[in-house]
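Sequence and coordinates come first.

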Amino acid sequence: MAPSLATSSILALFLLVAVADAATFTITNRCQYTVWPAAVPSGGGTKLDPGQTWTINVPAGTTGGRVWARTGCGFDGNGNGQCQTGDCGGKLRCTAYGAAPNTLAEFALNQWNNLDFIDISLIDGFNVPMSFLPAGSGAGCPKGGPRCATVITPQCPSELRAPGGCNNACTVFRQDKYCCTGSAANSCGPTNYSEFFKRLCPDAYSYPKDDASSTYTCPAGTNYQVVFCP
């Protein structure tokens, strides 16, 4: 039996809303070196030489989303290889999160009050400077979006240094006070290490409870620009 006019109209309206609320992420490499951006759960990964751009569409309602840069990569014709930073199991097209250290753009779309929640996180450390901004005028985004434009690696404390980047203290020491786990799950605060990252990138998460100064909101359906080396 053919669908009724009412059913067809509802389906068309649903598809229109779904398309309108999907977000386009434009990812640009302004670094003077090649990066291999990755995006999960939508996008996978690719290679970007200096000046190149990659565009992905992220479905409405996506949670746990991340975009990050990988560096020092080599892949064969089948997309298998390895990266010095941000590696995701040796695959060009990621389906899992990357290994620390890596600067993260994190997002959850179409959440409470029909808002997107976005941030830059240094909880997994730092490898590449990044900005994560709403596209266009950013109307409806009270604080705009976060930036972490400082090259942190040369200033990294010796105990946090890693090839190609700077680890967060949680990654290195695995202690509750740095990871906000176990005995410090509900009581952890800034440490000397998190304050080091916060001083250089005030917009970014520096430890897991750093929500107040590091979470940004935009209306659902906003499009975004992620820029490496802004």
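In this predicted model, a polar atom of the side chain of S194 lies 2.8 Å from the backbone nitrogen of T191, where a polar contact is a pair of N or O atoms within 3.5 Å, one able to donate a hydrogen and the other to accept it within protein, and with residues adjacent in sequence counted only if both atoms are side-chain atoms. The model is predicted, so that local features need pLDDT of at least 70 and side-chain atom pairs count only at pLDDT 80 or more, while totals for chains, interfaces and linings use all residues. Residues are numbered from 1 along each chain as its sequence is written, and side-chain values use heavy atoms, with hydrogens and water left out.

S194 belongs to helix 4 (residues 192-200), helices being DSSP runs of H or I with at least four residues and strands runs of E with at least two, numbered from the N terminus. With a relative accessibility of 4%, S194 is buried (buried is under 20% relative accessible area, exposed over 50% and partly exposed in between, with a 1.4 Å probe and protein chains only). Leaving aside residues up to four places away in sequence, S194 touches S206 and Y207, contact meaning heavy atoms within 4.5 Å.

Rings of Phe, Tyr and Trp (its six-membered ring) pair if their centres lie within 6.5 Å, and planes under 30 degrees apart count as stacked, over 60 as edge-to-face and the rest as tilted. The count by this rule is eight aromatic pairs. One of them joins F173 and Y178, whose ring centres are 5.5 Å apart with planes at 40°, so this pair is tilted. Y178 also forms an edge-to-face pair with Y193, at 5.6 Å centre to centre and 65° between the planes. This second pair links distant parts of the chain, since Y178 is in helix 3 (residues 176-179) and Y193 in helix 4, 15 residues apart. Both Y178 and Y193 are buried, whereas F173 is partly exposed at 29%. Elsewhere, ring pairs link F25, F107, F132 and Y224 into a cluster.

A charge sits over a ring if NZ of Lys or CZ of Arg is within 6 Å of the ring centre and within 35 degrees of the ring normal. Two such arrangements are tabulated here.

| Charged residue | Ring | Distance to ring centre |
|---|---|---|
| R66 | Y97 | 3.8 Å |
| K143 | Y216 | 4.3 Å |

Y216 is also among the residues touched by F117, which lies in strand 9 (residues 115-121) and is partly exposed at 26%.
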